[in-house]
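Here is a friendly walk through a single protein chain, from its sheet to its helices and charged pairs. Have the viewer open as you read.

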Amino acid sequence: MKALITGASSGLGADMARVLVEEGHEVILVARRKTKLEKLAKELGDKATVIIMDVSSTFNCMQLYNQVKKEKIDILINNAGFGLFGDFASTNIDKELDMIDLNIKGVHTLTKLFLKDFKKQDKGYILNVASSAGFMSGPLMSTYYATKNYVVSLTEAIHEELKKEDSSVVVSALCPGPVDTEFNRVAGVSFSVKPMESNAVARYAIKKMFAEKTIIVPSLKMKLAIFMTRFLPRKLTTKIVYKLQTKKLD
């Protein structure tokens, strides 16, 4: 099979590419950073190709789709995204709008474009990288949490539509807690809890995607935390998140 992976230059995107190639699949690596992409492609060998593209642009997403639609893509992994720390009144609006463009509009556009093709051929996998943040409100990272809520909600809705149509297309959302990647450095914070290893999360995500799991949560601790949000008042979970977020400043 052949997979298209956005945000593939480092972290989870790069590690999921490694796992897929290890399992015998081909990968198309998409990101903005040419040097890192080419280095990864060299590591992965002839099963990897590179496309330098910023998928925060809707136009670029459509251009990317048109560029690869004859490649017979079997797997779409929407991994590109970033976060931003700070109270909502103070954070930079340009960065937040860029985040919305990448975390929401990029995922939305590519999911729709490839889903149409996958439905026609009645096969294919879409893995949207969300977060445990997608199940709650996130003071001090409000925009990031909101974008991941969108990704989780969109994925679950599409899953139900496909199920009612008896479609063989699989759509999943990966919802990890903290992962040891560049994310927190970009967001401008430090980890408040011990992060999971990126490679372990990537391996688990690919395994569960092929097992047709809709919501993929890599750790037992995070599964329990998400489960508890179903029973706690939303105001309380928001207060808890705020307290956890302030620890990132220590």
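## A charged pair across the chain

Glu-22 is exposed, with a relative accessible area of 57%. Here, buried means under 20% relative accessible area, exposed over 50%, and partly exposed in between (1.4 Å probe, protein chains only). Glu-22 has a partner: Arg-203 forms a salt bridge with Glu-22, and their closest N and O atoms are 3.0 Å apart. This pair links distant parts of the chain, with Arg-203 in helix H7 (residues 198-210) and Glu-22 in helix H1, 181 residues apart. Arg-203 is partly exposed, at a relative accessible area of 33%. A salt bridge means a side-chain nitrogen of Lys or Arg within 4 Å of a carboxyl oxygen of Asp or Glu.

A word on the ground rules: this is a predicted model, in which local features need pLDDT of at least 70 and side-chain atom pairs count only at pLDDT 80 or more, while totals for chains, interfaces and linings use all residues. Residues are numbered from 1 along each chain as its sequence is written, and side-chain values use heavy atoms, leaving out hydrogens and water.

## The sheet

Look next for the open sheet of seven strands, which has the order E3-E2-E1-E4-E5-E6-E7 and parallel pairing. Strand E3 (48-52) and strand E7 (215-216) stand at the edges with a single partner strand each, so one side of each has no neighbour in the sheet. Helices (H or I, at least four residues) and strands (E, at least two) are DSSP runs numbered from the N terminus, and two strands pair if DSSP finds at least two bridges between them. Strand E1 (residues 2-6) and strand E4 (residues 75-78) run parallel and are joined by three bridges. In this pair, Ile-5 stands opposite Ile-77 in E4.

Helix H3 (residues 58-68) lies across E1, strand E2 (26-31) and E3, running at about 145 degrees to E3. Helix H5 (residues 142-164) packs on the sheet and touches strand E5 (125-129), strand E6 (170-174) and E7, its direction making about 155 degrees with that of E6. Contact means heavy atoms within 4.5 Å. Axes are lines fitted to C-alpha atoms, for helices over the stretch in contact, and angles run from 0 to 180 degrees between N-to-C directions.

Which residues of H9 are buried? They are Thr-237, Val-241 and Gln-245. These cover an arc of only 75 degrees around the axis, which puts them on the same side of H9; the arc is that of the directions from the helix axis to the C-beta atoms. The buried residues of H9 pack against H5. On the other side of H9, Lys-235, Lys-239 and Lys-243 are exposed.

The structure holds seven salt bridges. In helix H1 (residues 11-22), where Asp-15 lies, the side chains of Arg-18 and Asp-15 meet in one of them (2.7 Å, N to O). The two residues are three apart, about one turn of the helix. Asp-15 is buried, with a relative accessible area of 11%, whereas Arg-18 is partly exposed at 28%. Leaving aside neighbours within four places in sequence, Asp-15 is in contact with Ser-198, Asn-199 and Ala-202.

Lys-105 forms a salt bridge with Asp-101, their closest N and O atoms being 3.6 Å apart. Being four residues apart in helix H4 (residues 93-121), these two are separated by about one helical turn. Finally, salt bridges that share partners join Asp-15, Arg-18 and Glu-43 into one network.
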